[in-house]
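Hi,

Here is the structure I promised to pass on. Have a look at it first, and then read my notes below.

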Amino acid sequence: MSKLDTLQAALEAALGGKIQRLKREFGEITIEVTPQDYAQVAQLLRDHADLQFEQLIDLCGLDFSEYGNGGYEGQRFAVVVHLLSVSKNWRVRLKVFCADDDFPQIESVNPIWNAANWFEREAFDLFGIIFVGHEDLRRILTDYGFIGHPMRKDFPTSGHVEMRYDAIAKRVIYQPVSIEPREITPRVIREDNYGGL
């Protein structure tokens with residue numbers, strides 16, 4: 001029995017019906033759970049004697065709105081957590097979709113792994129995912145008055161407002177974006193038989 005088989009058996013025994021989907025790819029296991037079971041599963045992953053995932057390595061948000069060229073019909077926002085068991089020397093990926101696309105929210109796992117603190121703030125700032133129960137959920141990467149969430153697929157690449165220093169007013173001012181969209185792909189000219197082709 002391989003290490004991955006042992007981990008899969010331990011996950012299925014400890015979590016049982018709470019696993020919505022289990023996928024093995026590239027020598028890794030990803031488990032997907034419902035939003036209602038997310039916090040309880042996280043607690044079990046950390047505390048169960050056969051699992052012992054003591055360390056949260058990463059937590060990030062995902063926006064599936066353009067997944068499969070718009071052909072995807074599931075929930076739009078998801079949270080993915082990468083966990084490490086130092087004592088058992090194995091890893092697992094935990095994935096949960098937010099139930100509401102218009103107001104994405106999910107339980108905070110910060111009380112379980114306090115390493116999640118800044119990762120949850122980042123996912124809130126960039127994707128607008130609310131982490132219920134997080135004690136200090138505020139922006140971490142964007143400016144104080146920033147409007148919107150820049151990693152959402154529908155956020156314009158040039159943004160909504162721009163900031164510049166106005167020499168007349170002698171202060172920084174904010175104004176609507178004045179950048180015109182343009183094609184930035186360079187023109188490439190190839191000679192005949194270039195590179196032996």
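Some ground rules. This is a predicted model, where local features need pLDDT of at least 70 and side-chain atom pairs count only at pLDDT 80 or more, while totals for chains, interfaces and linings use all residues. Residues are numbered from 1 along each chain as its sequence is written, and side-chain values use heavy atoms, with hydrogens and water left out.

Back to His 149. You'll find it in the loop between strand E7 (130–132) and E8; helices (H or I, at least four residues) and strands (E, at least two) are DSSP runs, numbered from the N terminus. Leaving aside neighbours within four places in sequence, His 149 is in contact (heavy atoms within 4.5 Å) with Phe 124, Asp 125, Leu 126, Phe 127, Gly 128, Arg 139 and Phe 155. Of these, Phe 127 is 22 residues away in sequence, with 5.2 Å between the two C-alpha atoms.

Now the core. In soluble globular proteins, nonpolar side chains tend to be buried together. Here the largest nonpolar core has 37 residues, and Leu 11, Tyr 38, Leu 45 and Leu 59 have the most contacts inside it. By nonpolar core I mean a set of buried Ala, Val, Leu, Ile, Met, Phe, Trp, Tyr and Cys residues joined through side-chain atoms within 4.5 Å. The elements giving two or more residues to this core are helix H1 (3–15), E2, helix H2 (38–47), strand E3 (55–63), E4, E5 and helix H3 (116–127). H1 gives the most, with six residues.

Val 79 sits in strand E4 and is buried, with a relative accessible area of 0%. The C-alpha atoms of Val 79 and Cys 98 are separated by 7.6 Å, and the two residues are 19 apart along the chain.

Next, the strands. Two strands pair if DSSP finds at least two bridges between them. E4 (residues 77–85) pairs with E5 in the antiparallel sense over eight bridges, and Val 81 stands opposite Leu 94 in E5. E2 and E5 run parallel and are joined by four bridges; Val 33 has Val 96 in E5 as its bridge partner. E5 is mostly covered, with six of its eight residues buried.

Most residues other than glycine have a negative phi, and most peptide bonds are trans. Asn 89 has a positive phi of about 60° although it is not a glycine. Asn 89 belongs to the hairpin of E4 and E5, which has four residues between the strands, and at 51% relative accessibility it counts as exposed. Gln 52 has a positive phi too, near 55°. Gln 52 lies in the loop between H2 and E3 and is partly exposed, at 26% relative accessibility.

Last, the pockets. A 1 Å grid is laid over the protein atoms alone, and a pocket is an open set of points where a 1.4 Å probe fits, with protein on both sides within 12 Å along at least five of seven lines; lining residues have an atom within 4 Å of a point. A volume is the space filled by probe spheres set on the points, which are joined across faces, edges and corners.

The largest pocket has a volume of about 290 Å³. Of its 14 lining residues, Lys 23, Glu 25, Thr 30, Glu 32 and Lys 95 are the closest to its centre. Strands E1 (21–25), E2 (28–33) and E5 (90–97) each give two or more residues to this lining.

The second largest pocket holds about 210 Å³ of space. Its lining includes Phe 146, Phe 155, His 160 and Tyr 174, and strand E8 (residues 161–166) supplies the largest share, three residues.

Cheers

Technical notes: Buried < 20%, exposed > 50% of the residue type's maximum accessible area, 1.4 Å probe, protein only.
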